[in-house]
Amino acid sequence: MSSNKTKSWKVLLVSLAAAVSFSMLAACSNNNSSNGAGDNSKAVATYKGGTITEKEFDMDTRVMKLLSPQQAAYMEIDAFKESILKQEVAFEYLAGKATDAAKKEAEKQADQQVNSIKTGLGDTYESTLKQANLTEGDIRSYMLRVLTVYQDMLLKVKDDQVKTEFEKTKGDFTVATLRHVLIGLKDAAGKERTDADALKLAKEVKAKLDGGADFAATAKKYSDDTGSKENGGEIKDTALGTYVEEFKQAAQTLPLNTVSDPVKTTFGYHIIKVESRTETTFDKLTAEQKETIKGSLASQGLESFLEKDLGSLDVKINLPKSSAAAGKSGTSNGGTEPTTAPSAEAPAATAAPK
């Protein structure tokens, strides 16, 4: 599980099957990659101080498809490709402005990420790259540009900003042990339930618990959350920022040892009982938790650039159209809304999206 406030760059780059957000996955152009030599393809994006060619963009999209094959279909949608291309402009521009310290750290981490991919693919590594028409140098170049921008953003985060951000989100760091019963929009056999049917069953479960039924036994009988069902619905000592927003809010405010009314999330309806809840103060944060906050602030810095500053680069897009729907998207010389692809994998029934 991951923090609700953080788009995890490390997970994004390491896990080939992760449910990734493409707004954080967009790479920089590959002017220094092996494919960049002798590139005579047309420019698909121009901006103040640079261009991205069709060949460069094609290579970047091939790397994206390799990293998250479940998302490959989205790379054929024109509006999505346009958003990714705008973000590539941002990465190329920001990488050029990065400090030497950021570039040095990115070099080390790029090697680590490539090695992680090698380990993940094992004996299929070479054949997978060949099938994707990529070299290891192409992947490393991609990683290096992403990580250069991220490290530069990360180095700009000050300690007082971390503390301020913690105060805004400290409820996410509250640790709780709780039990829940999930009545999903699919039953255990995978059969679809209507929202009304799920709510009806959730209310029946709630009535049984209010009538004195044992929570653990009830969870084992009714819950559709495979991650906690066999533990009687128990999830121990977990930071509340892990959960999706509606579940988190209920777990933060529900009186201890009280059975909640059904709480609706994207997964269905939850009946929750919080057994313990301990607030965390800033001085009790682990180094990893502080790094998580810094990572969130770094990601926010990139998002802010995309939303507020990209337009100043006079970006012009010249992508060929590949679908009728994408013709509506047009071209743009302004900023961009970060585009998020639907998750490739459903997270655990209470887990916040990465």
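Contact here means heavy atoms within 4.5 Å.

## Basis

This is a predicted model, in which local features need pLDDT of at least 70 and side-chain atom pairs count only at pLDDT 80 or more, while totals for chains, interfaces and linings use all residues. Residues are numbered from 1 along each chain as its sequence is written, and side-chain values use heavy atoms, with hydrogens and water left out.

Helices (H or I, at least four residues) and strands (E, at least two) are DSSP runs, numbered from the N terminus.

## Helices H3 and H4

In H3, Phe57, Asp60 and Met64 meet Lys81, Ile84, Leu85 and Glu88 of H4. The axes of H3 and helix H4 (residues 78-97) are 11 Å apart, at an angle of about 105 degrees. Axes are lines fitted to C-alpha atoms, for helices over the stretch in contact, and angles run from 0 to 180 degrees between N-to-C directions. H3 and H4 are therefore roughly perpendicular (65 to 115 degrees).

## The sheet

The order E2-E1-E7 describes an open sheet of 3 strands with antiparallel pairing; strands pair if DSSP finds at least two bridges between them. Strand E2 (50-53) and strand E7 (316-317) are at the edges with a single partner strand each, so one side of each has no neighbour in the sheet.

## An aromatic pair

Tyr93 and Phe305 form a stacked aromatic pair, 5.9 Å centre to centre with 20 degrees between the planes (ring centres of Phe, Tyr or Trp, its six-membered ring, within 6.5 Å; planes under 30 degrees apart for stacked). Tyr93 lies in helix H4 and Phe305 in helix H12 (residues 287-309), so the pair ties together parts 212 residues apart in sequence.

Technical notes:
Angles under 35 degrees count as roughly parallel, over 145 as roughly antiparallel, 65 to 115 as roughly perpendicular and the rest as oblique. Rings of Phe, Tyr and Trp (its six-membered ring) pair if their centres lie within 6.5 Å; planes under 30 degrees apart count as stacked, over 60 as edge-to-face and the rest as tilted.
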